[in-house]
Amino acid sequence: MGGAALDVTRLSAGYGPVRALREVTLDVPQGSVVAVLGGNGAGKSTLLRAISRTLPYYGGASKGGSVRFGGAPLHTLTADRVVAAGVSQVPEGRQVFARMTVQDNLRAGALGSTGGRAARAAALRRVHGLFPVLAQRAHQRAGLLSGGEQQQLAVARALMAGPRLLLLDEPSLGLAPMMAARIADTIRQINAEGTSVLLVEQNAALALRLASRAYVLEVGEVTLSGPADELAASDEVRRRYLGVVDEDAADDAFRVTEQAGAAGPGGRPPALTRWVGP
Ligand SMILES: Nc1ncnc2c1ncn2[C@@H]1O[C@H](COP(=O)(O)OP(=O)(O)OP(=O)(O)O)[C@@H](O)[C@H]1O
Ligand SMILES: [Mg+2]
């Protein structure tokens, strides 16, 4: 272990004159789940697009900084080479190929894979194990699946390339709590099978339950970062990202924190890092 960490250093990006990311630095240690929280327009999707090199498809561009995976630069590659390097993205809003069958969506996901036929067959077994509904609906058009099933297909399609790092953009968005919980379980399982995860979420309670570390993005800058349990306990995060949105969710996250022993007396000292302006 230790080889395939993601290191993002002072990454800036924008869309024409619009600066959407400013000198963002973060890392995803191999084997971990790291969350990025932030409100609408904070730059979360831009961050994932800059890592996956898909920004040009949205009229954007990286404007300095570096992205390395396992020490090798990604910021000089094209999007297909990033997939081949082991990093796959599940874009915001699912974006499955609605007119294609479920099976063909999965085949499309495997196009970026560097593995051969055996690797693709293994990847298909893996996603059918994670999402049995996709095996049952293999020949149905993807557009006929429910929202939750389409989200499963979007994750499955990204997994078909056999990534070592999965970039997830708001996987719980628009899903009923039961389906969001299922997606969360699946993310946990995918991670347990050895895939690192960089998870972007507005659902802070869900993200902080899954992640070991988290970063808060505000107007394109990292303003707060630290262990997920400490962030879940911080007043600011509770008020801005947990409490206001959903009291029950805040309680859930707090309970996790208490179990981890971080909030009580004698617990670990706070280890949050606050960004301080120049
Ligand atoms: N394709 C685009 N063209 C121009 N500006 C864009 C584009 N996409 C995003 N932006 C702008 O970049 C900034 C960051 O947007 P981004 O989509 O990364 O935020 P986000 O954190 O993902 O928000 P949300 O939670 O709403 O998805 C915003 O000011 C947004 O208006
Ligand atoms: Mg977004």
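Around ligand 1, β2 (18-28) and α1 (44-52) each supply at least two residues of the shell. Helices (H or I, at least four residues) and strands (E, at least two) are DSSP runs, numbered from the N terminus. The model is predicted: local features need pLDDT of at least 70, side-chain atom pairs count only at pLDDT 80 or more, and totals for chains, interfaces and linings use all residues. Residues are numbered from 1 along each chain as its sequence is written, while chains are lettered from A and ligands numbered from 1 in the order in which they are written.

The largest share of the ligand 1 shell, three residues, comes from α1. There are 16 residues around the ligand, and Tyr15, Ala20, Lys44, Ser45 and Thr46 come nearest. A residue is near a molecule or strand if its C-beta atom, placed from the backbone, lies within 6 Å of it. By class, the shell holds five nonpolar, nine polar and two charged residues. Here Ala, Val, Leu, Ile, Met, Phe, Trp, Tyr, Cys and Pro count as nonpolar, Asp, Glu, Lys and Arg as charged, and the others, Gly among them, as polar.

Strand β1 (residues 6-15) runs antiparallel to β2, and seven bridges join the two. Strands pair if DSSP finds at least two bridges between them. Gly14 has Arg19 of β2 as its bridge partner. Gly14 also stands opposite Ala61 in β4. Two residues lie between the strands in the hairpin of β1 and β2, where Gly16 takes a positive phi near 55 degrees. β1 pairs in the antiparallel sense with strand β5 (residues 66-69) over four bridges. In that pairing, Leu6 stands opposite Phe69. With strand β4 (residues 61-62), β1 pairs over two bridges, again antiparallel.

Seven strands form an open sheet of mixed pairing, in the order β7-β8-β9-β3-β10-β11-β12. β7 (87-90) and β12 (273-274) stand at the edges with a single partner strand each, so one side of each is left without a neighbour in the sheet. Two bridges join β12 to the antiparallel strand β11 (residues 221-227). Ser225 stands opposite Thr273 of β12.

A residue is buried if 20 or more other C-beta atoms lie within 10 Å of its own, exposed if 12 or fewer, and partly exposed in between, with C-beta atoms placed from the backbone. α7 is followed by Gly194, whose phi is positive, near 110 degrees.

Glu23 has a positive phi of about 50 degrees although it is not a glycine. Glu23 lies in strand β2 and is partly exposed, with 15 C-beta neighbours inside 10 Å. Glu170, also not a glycine, has a positive phi of about 50 degrees.
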